[in-house]
Amino acid sequence: MRFSEWRAKAPFKDSVAPKVLAVVEPALELLGADRDPECWVAWGDDPQSRYTLFAPTPSGLAQVVVRVAVPGEGPRAGGKVVRWGRVQLGELAVEIQGGHRLVTFQVEAQVLNGADAAGDAIGSFAKQLFAAVDGRPAPAARPAKKGRAATGKSAVGKKLRAGASAAKTARPASPASPASPASPATPVRRLTAAKGPAR
């Protein structure tokens, strides 16, 4: 889910007010994410004053702690990038009963849990992080909408796939089959046939 979608569902609108975004978005960019990245927002117990944002980047997992109102200073955002080799991920666990799903996952000591649609979102985010840690392309964050190209890939996945395409392009071409070098002989035969009747 993108940060703009999280903002639309924020439990308190003041937590994502323009003056707060004015410190959050530059922090995301400086850490290597987009201004509107695929991410997870852990609202915590008091989202009116503090929450944490996790966003995958090509270098690692960006973790931004947002303080909505620091007395005498206004909003503050502080963050870091944890390199993929050092990111601490827990197990992705699911429990299903009576048609309902309860999903639990832990990232950097932050426990994420949710039921049904929220649980599906946690599972999708966890699989993105697992893929990034393993160096694999990120899976689709959501199914493609009708009439549009598949846009459910994260920015990290796009950059990883771009690198894989470049590697394929850089490979030496496979040797030609024995039949392929015969192509230059075709114009020679035509030229001979054209000269034959002139004699």
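Me: What covers the buried residues of α3?
Reply: In this predicted model, the cover includes β1, β2 (50-56), β3 (60-70), β6 and β7. Helix α3 (residues 117-134) lies across β6 and β7 and runs at about 35° to β6.

Me: Which residues in α3 are buried?
Reply: Buried means under 20% relative accessible area. In α3 that applies to Gly119, Ile122, Gly123, Ser124, Phe125, Ala126, Gln128, Leu129, Ala131 and Ala132.

Me: How many Å should α3 span, and what do its end C-alpha atoms show?
Reply: The estimate uses 1.5 Å a residue, so the 18 residues of α3 should span 26 Å. The end C-alpha atoms of α3 are 26 Å apart, which agrees. Just after α3, glycine 135 takes a positive phi of about 80°.

Me: Now the sheet. What is the order of the strands in the open sheet of 3 strands?
Reply: The order is β5-β6-β7, and the pairing is antiparallel. β5 and β7 (110-115) are the edge strands, each pairing on one side only. From one strand to the next, the twist averages 10°.

Me: How many bridges join β5 to β6?
Reply: There are 5 bridges between β5 and strand β6 (residues 100-107), and the two run antiparallel. Isoleucine 96 has arginine 101 as its bridge partner in β6, and alanine 93 stands opposite threonine 104 in β6.

Me: Where is the positive phi in the hairpin of β5 and β6?
Reply: Glycine 98 has it, with a value near 60°. The hairpin has 2 residues between its strands.

Me: How should I think about side chains along a strand?
Reply: In a regular strand the side chains alternate between the two faces of the sheet.

Me: Is β5 largely in the open or largely buried?
Reply: Strand β5 (residues 93-97) has 5 residues and the number buried is 0, so β5 lies largely in the open.

Me: What does the side chain of glutamate 38 reach?
Reply: It reaches the backbone nitrogen of methionine 1, at 2.9 Å.

Note on methods: Residues numbered from 1 in each chain as written. Predicted model: local features only at pLDDT ≥ 70, side-chain atom pairs only at ≥ 80, totals over all residues. Heavy atoms only, no water. Polar contact = N/O pair within 3.5 Å; in protein donor to acceptor, adjacent residues only side chain to side chain. Buried < 20%, exposed > 50% of the residue type's maximum accessible area, 1.4 Å probe, protein only. Helix = DSSP H or I, 4+ residues; strand = E, 2+ residues; numbered from the N terminus. Pairing = 2+ DSSP bridges. Axes fitted to C-alpha atoms, helices over the stretch in contact; angles between N-to-C directions. Contact = heavy atoms within 4.5 Å. Expected span 1.5 Å × (residues − 1).
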